[in-house]
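I opened my notebook for a first look. Here is what I looked up, entry by entry.

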Amino acid sequence: MAAGGGQAAFSFLTNIARTAVGFGVSASLLSASLYTVDGGQRAVLFDRFRGVLDDTVGEGTHFLIPWLQKPYIFDIRTRPHTFTSNSGTKDLQMVNLTLRLLSRPDVPMLPTIFKSLGTEYDEKVLPSIGNEVLKAVVAQFNADQLLTERPHVSALVRDALIRRARDFNIVLDDVAITHLSYGSEFSIAVEKKQVAQQEAERSKFLVARAEQERRAAVIRAEGESEAAKLISDATAAVGTGILELRRIEAAREIASTLSKSPNVVYLPGGNNMLLGLNSTGLGQGR
C-alpha cells in the first residue's frame, strides 16, 4: 500500500512537471513567434529560405516563424541631419557651409533599402550626396554672390539634393543652408575692400565740399563786386555823402562797443587818443 501510494505521488508530480515544461516551451515558442512594430515604424522580414520579403509590415503585433524569419525595424518618421562642407567658389575662395536636412525613407521601398544599404541607410547616403551637391552648386558662384543670391543658391541645392536622394529611395522634406562663412583670407580682403570704399567715399565728399566752397567763394566775390559797383554808381550819382553816412554809422558802432568795456578811458585832446587802461594801472600812476 505504501509503495503504491508513493508511486502514485511520483507519477502525479511527473505529470505536473511535464505539463509545466510543456507550458514553458509553448510560451517560449509563442513569444518567439510574435514581434511588435511600434507607431512610426515599419518592419522588413528576412526569411532564411526566401531572403528579404517584398512586403513591408505595418504597425501592431505580428507572427513569424521562429529561427526561420527575423524582423528588422525601420523608423519612418522624419529625422533631422546636419553636416558641414568646405567648398570652393568660382573665384577660388573657400567657403564653409552647414546644411540641415529633414529626411525619411520611402516606405514601399524599405525592402530595397534594406537589401542595398541596411538599416543605417541615411548615415551612409546623406553626407556623401550632400557634400557632392554643395560643391557642385557653390562652384557655379563667386564668393560674394553666395550672399547676394543666397535664396537662389538654396533653391539649387534643395532641388539637386531631392533628385539625388530619390535615387536611394529617400524622401527629403526640407533642405536649408543654416550657416555660411568664409576663410580668413577672404574676410581680410573684404575688410580691406570696405576700408577702400570708405576712403573713396570720403574723397568724393571732400571733393564735393571743395567744389561747394569754390562756388560759394565765386558767388561771394560776385556779390562783393556787384555791391562795389552799386556803391560806385551811387557815389558817382549823388557824391560822397553816402560814404560819410557809412563812416558815421561805423563810428557809432565802435563808440557803442567801447562804452560797454570797463577798461577803456577816452582822453579828449587834439589827437583824440584812446588808451586801454585798467584801474590798477591808474592807481599806481597816482
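How many aromatic pairs does the structure hold? I found 3 aromatic pairs, and I note that the model is predicted.

**Entry: Y72 and F114.** I looked up the rings of Y72 and F114. Their centres are 4.6 Å apart and their planes sit at 40°, so I logged the pair as tilted. Y72 belongs to strand β5 and F114 to helix α2 (residues 110–116), so this pair ties together parts 42 residues apart in sequence. Y72 is partly exposed, at 24% relative accessible area. F114 has 16%, and buried means under 20%, so F114 counts as buried.

**Entry: F74 and Y121.** Here the ring centres are 6.3 Å apart and the planes at 35°, so this pair is tilted. F74 is in strand β5 and Y121 in helix α3 (residues 121–138), which makes it a link between distant parts of the chain, 47 residues apart. I found both F74 and Y121 buried. Ring pairs join Y72, F74, F114 and Y121 into a cluster.

**Entry: the strands.** Which strand does β5 pair with? I traced β5 (residues 69–75) to β2, antiparallel, over 7 bridges. Q41 has D75 of β5 as its bridge partner. Strand β2 (residues 41–47) is mostly covered, with 5 of its 7 residues buried. I then followed β2 to strand β3 (residues 51–57). These two run antiparallel, joined by 4 bridges. They form a hairpin with 3 residues between them. F46 stands opposite V52 in β3.

**Entry: R48 and W67.** Last, I looked at a charge over a ring. R48 lies over the face of W67, 4.8 Å from the ring centre.

Note on methods: Residues are numbered from 1 along each chain as its sequence is written. This is a predicted model: local features need pLDDT of at least 70, side-chain atom pairs count only at pLDDT 80 or more; totals for chains, interfaces and linings use all residues. Side-chain values use heavy atoms; hydrogens and water are left out. Buried means under 20% relative accessible area, exposed over 50%, partly exposed in between (1.4 Å probe, protein chains only). Two strands pair if DSSP finds at least two bridges between them. Rings of Phe, Tyr and Trp (its six-membered ring) pair if their centres lie within 6.5 Å; planes under 30 degrees apart count as stacked, over 60 as edge-to-face and the rest as tilted. A charge sits over a ring if NZ of Lys or CZ of Arg is within 6 Å of the ring centre and within 35 degrees of the ring normal.
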